[in-house]
Amino acid sequence: MHRFFGLLCLFLLTGYSAVVSAQASARWETGASRIELARFVDYWQEPATAVGIDTVVELDETDWVRNGSDSISFGYGKDVYWFRVTLDNAAPQAIQTFVEIGYPVLDRIEVYINPMSSGTEPLILGDKQHFSERPIDHRNFVVPLNLAAGERARVFLRVETTSSMQVPLIWWDRDSFFSAEQSRTMFEGIYYGIVLVMVLYNLFVFMAVGERSFLHYVGYITAMPLFIASLHGVAFQYLWPGATWWNDQSIIVFLNLAVLFGGTFSIRFINVTRENHPRFNRWTVAVIIVAGALAAAGLLIPYKFLILPTILVAFVGCSTMLILSIIRWYRRDPAARYYTLAWVFMLFGGIVLALSKFTVLPRNLLTENATQVGSALGVILLSIALADRLDREKRRAFQAQQRLLSEERKARMAQEKSLRVQREANTLLEERVHARTRDLKSLNDQLLELSATDALTGLKNRGYFDRTFQSAVVRAFRYQEQLSLLVLDIDHFKKFNDTYGHLVGDDCLKMVAQCISQHVTRPQDLAARYGGEEFVVLLPDTPVDGAIRVAERIRAEIEATAFRVSGEVLHLTVSAGVCTVSPERADATKEIFNWADEALYEAKGEGRNRVVARQADGQSMVSAVTRV
């Protein structure tokens, strides 16, 4: 029984070996479009001392190792590898094909096709060669291979690189290659078109609103596609085809810049501040500083010394951003919703790419394009997140503005009400002030009248006369008018006062004042009690004849007026002095009054009850007199 089991195992192993041997070469059948060559590849690690193709061709079959997996990937290291693959044209006609090496950051590739029969001159490829030296202008390394019907080709590759040792080999039908290339080019165009639109859109938004989050985001979505373009050979093909040194360094610089701007954008956008998350803030700032230092070092230090630290920083930075977004979402930050989803997509692509470089994941269509798809979705979602944030800020600003407008409206209404009340109060106050002013004016007029009126006779008093007399003299002097002044005195009044008493004397003064008032009728004329039993009459713009007539009428009226005292009828007389002048000085009041007073004394000296006029020349005129 045990012997039978052993024979069975030997038979199965022999059959498996036969199958493997049968599949040792890649066969091109009629109608084929492409063949993945990874499972048909043997590899051999070159020793420390470089060897030539002649030595490699002579190696024993036991020195070669069958790859046996769907990808050829050995991660990062300093080792140089040789690869071989046998290609058989099983089609009945000749074929025109391409062999594509789909990893554009390999440093140096030596390609030998049938070195046993065609010589040992290799085709040199790699990103250390100028792009124009490639046989096919393509971001990947493409080798033309034409085979006749039934022909076999053995291809040897010597690969040396400081990047990850990945050698994806695809055997293409030429027409199928160009057809697939159109699809890939369209995919690349859509991706970079989306990124360019988002860069310009967010840059314009930053210039419009001045929000720095948009500027950090522009930095991130500019650095990220430039890193991907450098990694996939697009930048080398279109942007710097002759800059072989920078082609390697650009991967370091742009990947670290993507981490740097992604970190600064995250701190601002999801509010990872020292107040909210002090530890996470310090950790994120540290990652940003390290990424910035590596980006600067990428301008000086060779690629091989920086690629592993850069990948580690990128992995840590992306993981940190994802954790921060989840924490902020848990704390109900509205901006963290889209942000978290965006980072999930972007980190998916980045983590898948990093794991494929470390050979944790196989290199295939998903792992190679996950970064572009994830970053495109992430860019779109982050733009939506920024737009959502901007919209929420606008709504908050609008609501705040509405509240301010409401408060302002209330304040304005309160102010208007206050102003209305104030206007009403001011109107009422003004009415009261006007009323009080009128009352005060009336009282002032009354007071002025009282202060200017003799209390006993009702005529103006001496103070009022002095002011008016001065003004009349100034006017007469200015306009060269004649001014007449009458000074009247009751004859023998002291005797009358002593005989009949002061009360009767007061009545006598009132009667005289009434008689004077009856004959002083013009508005500009003035009758006043000068003092005691003496009265004055001021007649502006009146010649001497007119003044004498007025004085005579007053004298005659007083003389004719009976004055009854205790059943006795008495008659009083007055003497009047008149002075008529045209003043030669504005301050001639004293001289004019003295002349009128002298005329009064002359009238008294001549027998009383008469009018005597004196002019400025000193001459006097005596009026008609009626004796008592």
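Biologist: Which residue forms a salt bridge with D489?

Modeller: In general, side chains of opposite charge can pair when their charged atoms come close. A salt bridge here is a side-chain nitrogen of Lys or Arg within 4 Å of a carboxyl oxygen of Asp or Glu. For D489 the partner is K604, with the closest N and O atoms 2.6 Å apart. D489 sits in strand β12 (residues 483-490) and K604 in helix α16 (residues 589-605), so to speak distant parts of the chain, 115 residues apart. Helices (H or I, at least four residues) and strands (E, at least two) are DSSP runs, numbered from the N terminus.

Biologist: Are D489 and K604 buried or exposed?

Modeller: Both are buried. Buried means under 20% relative accessible area, exposed over 50%, and partly exposed in between (1.4 Å probe, protein chains only).

Biologist: What should I know about the model itself?

Modeller: It's a predicted model: local features need pLDDT of at least 70, side-chain atom pairs count only at pLDDT 80 or more, and totals for chains, interfaces and linings use all residues. Residues are numbered from 1 along each chain as its sequence is written, and side-chain values use heavy atoms, leaving out hydrogens and water.

Biologist: Where does D248 lie, and where K128?

Modeller: Those two side chains meet in a salt bridge too (2.5 Å, N to O). D248 lies in helix α7 (residues 244-269) and K128 in the loop between β8 (123-125) and β9 (141-147), so the pair ties together parts 120 residues apart in sequence. D248 is buried at 2% relative accessibility, while K128 is partly exposed at 39%.

Biologist: How many salt bridges are there by this rule?

Modeller: The count comes to 24.
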